[in-house]
Amino acid sequence: MAAKWTLALYMAIAIATLFVQGARWPDGWHAWALAIVNRFYVRAFFHFRTNRPCPFPTDGPAIIIANHSSPMDPMFVWMGRREIIGFMMAREYYEVKFLHWIAVAMQSIPVQRNGKDLAPTRAALRRLKDGKLLGVFPEGGINRERDLKAGNPGMAWLAVRSQVPVYPVYIQNSPGGETMIDPFYNFGPVTVYYGDPIDLTAYYDRKPTQEVLQEVTDIMMARIAELGGVGFTSCTSTT
């Protein structure tokens, strides 16, 4: 009988500890639960590695930019973080039933691919103004090629307008597949390379013309490509 009471006490302590940890998370219970699942799943099945400790700030805004070759990429970028990284994501994925509740819990910002809706841009600026982290995949969609596609100058405008640190990330060996679900079962080692923040202060006082934004975009894409040892398509070469 004593053994049963002791086991029950240990279980009660464990449950209470989990409740306390969840209550202390800055973005609430949903974020805490997702973080626990994310850490276990990624480490167990993808042998997750990094080139260095994650450098993202813990008490201020920042833009995180990364290559995008899999729907799992946000999970890899978020590994080991307490603070939620609100990613900008295509609205058609945001509205998929099995993804929607996760997207909402992760404070994702739905974006129309035609770029005509300014609401996502305003939401992104508000998020940065509130001192939170914003995630952007500047290629605009999943790219399974080795070299990076040209970046979207919209991320350059956000960076120059908000004047917050911009951290480049390269995700190596992110899983692919024929459907949105396949990558979650296509197990293999994944490595994330974190870079130092990109110095864009020289552009803060310049008028954000198309040429300036293209130049800033190329700088940012070059830093991601450098981390992965790959090439990229210059934004200026597409005009």
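The model is predicted. The protein chain holds 8 helices and 7 strands. Of its 239 residues, 44% are buried. Take the contacts between residues at least 6 apart in sequence: 71% of them join residues at least 24 apart.

**Loop residues with positive phi**

- Most residues other than glycine have a negative phi.
- His47 has a positive one, near 45 degrees.
- His47 sits in the loop between H2 and strand S1 (49-50).
- Gln163 also shows a positive phi, near 55 degrees, and is not a glycine.
- The loop that holds Gln163 runs between H7 and S6.
- Gln163 has 42% relative accessibility, so it counts as partly exposed.

**The sheet**

- The 7 strands form an open sheet with mixed pairing.
- Their order across the sheet is S1-S7-S6-S2-S5-S3-S4.
- S1 and S4 are the edge strands, each with a single partner, so one side of each has no neighbour in the sheet.
- S6 and S7 pair in the antiparallel sense, over 4 bridges.
- In that pair, Gln172 stands opposite Thr191 of S7.
- Helix H7 packs on the sheet and touches S2, S3, S5 and S6.
- The direction of H7 makes about 160 degrees with that of S2, which means the two are roughly antiparallel, as the angle is over 145 degrees.

**Strand S3 and its neighbours**

- S3 is largely enclosed by the rest of the structure, because 6 of its 6 residues are buried.
- On one pairing, S3 and strand S5 (residues 133-136) run parallel, over 3 bridges.
- Ile85 has Leu133 as its bridge partner in S5.
- S3 is also joined to strand S4 (residues 109-111) by 3 bridges, again in the parallel sense.
- Met88 stands opposite Ile109 of S4.

**The nonpolar cores**

- The largest nonpolar core has 31 residues.
- Those with the most contacts inside this core are Phe56, Ile64, Phe76, Val77, Ile85, Val169 and Ile171.
- Six elements each supply at least two of its residues: helix H2 (28-46), strand S2 (62-66), helix H3 (73-78), strand S3 (85-90), strand S6 (166-172) and strand S7 (191-194).
- H2 gives the most to this core, with 6 residues.
- Val77 touches Phe56, Ile64, Ala66, Ile85, Phe87, Val169, Ile171 and Tyr194, leaving aside residues up to four places away in sequence.
- A second core is separate and has 28 residues, including Ile65, Ala124, Ala159 and Val230.

**Tyr41 in helix H2**

- Tyr41 is found in helix H2.
- Its relative accessible area is 17%, so Tyr41 is buried; the limit for buried is under 20%.
- Tyr41 touches Phe46, Met72, Met75, Phe184, Tyr185 and Phe187, not counting residues up to four places away in sequence.
- Phe184 is 143 residues from Tyr41 along the chain, yet their C-alpha atoms are separated by 9.6 Å.

**Helices H7 and H8**

- Two packed helices are described by the angle between their axes and the distance between the axes.
- For helix H7 (residues 153-162) and helix H8 (residues 210-228), the angle is about 95 degrees and the axes are 8 Å apart.
- That angle makes H7 roughly perpendicular to H8, because it falls in the range of 65 to 115 degrees.
- H7 makes the contact through Pro153, Met155, Ala156, Trp157, Ala159 and Val160.
- H8 meets them with Leu213, Val216, Thr217, Met220 and Met221.
- By class, this contact of H7 with H8 has 10 nonpolar residues, 1 polar residue and no charged ones.
- Thr217 of H8 takes part in the contact and belongs to the polar class.

Definitions and conventions:
Residues numbered from 1 in each chain as written. Predicted model: local features only at pLDDT ≥ 70, side-chain atom pairs only at ≥ 80, totals over all residues. Heavy atoms only, no water. Axes fitted to C-alpha atoms, helices over the stretch in contact; angles between N-to-C directions. Parallel < 35°, antiparallel > 145°, perpendicular 65-115°, else oblique. Contact = heavy atoms within 4.5 Å. Core = buried A, V, L, I, M, F, W, Y, C linked by side-chain atoms within 4.5 Å. Buried < 20%, exposed > 50% of the residue type's maximum accessible area, 1.4 Å probe, protein only. Pairing = 2+ DSSP bridges.
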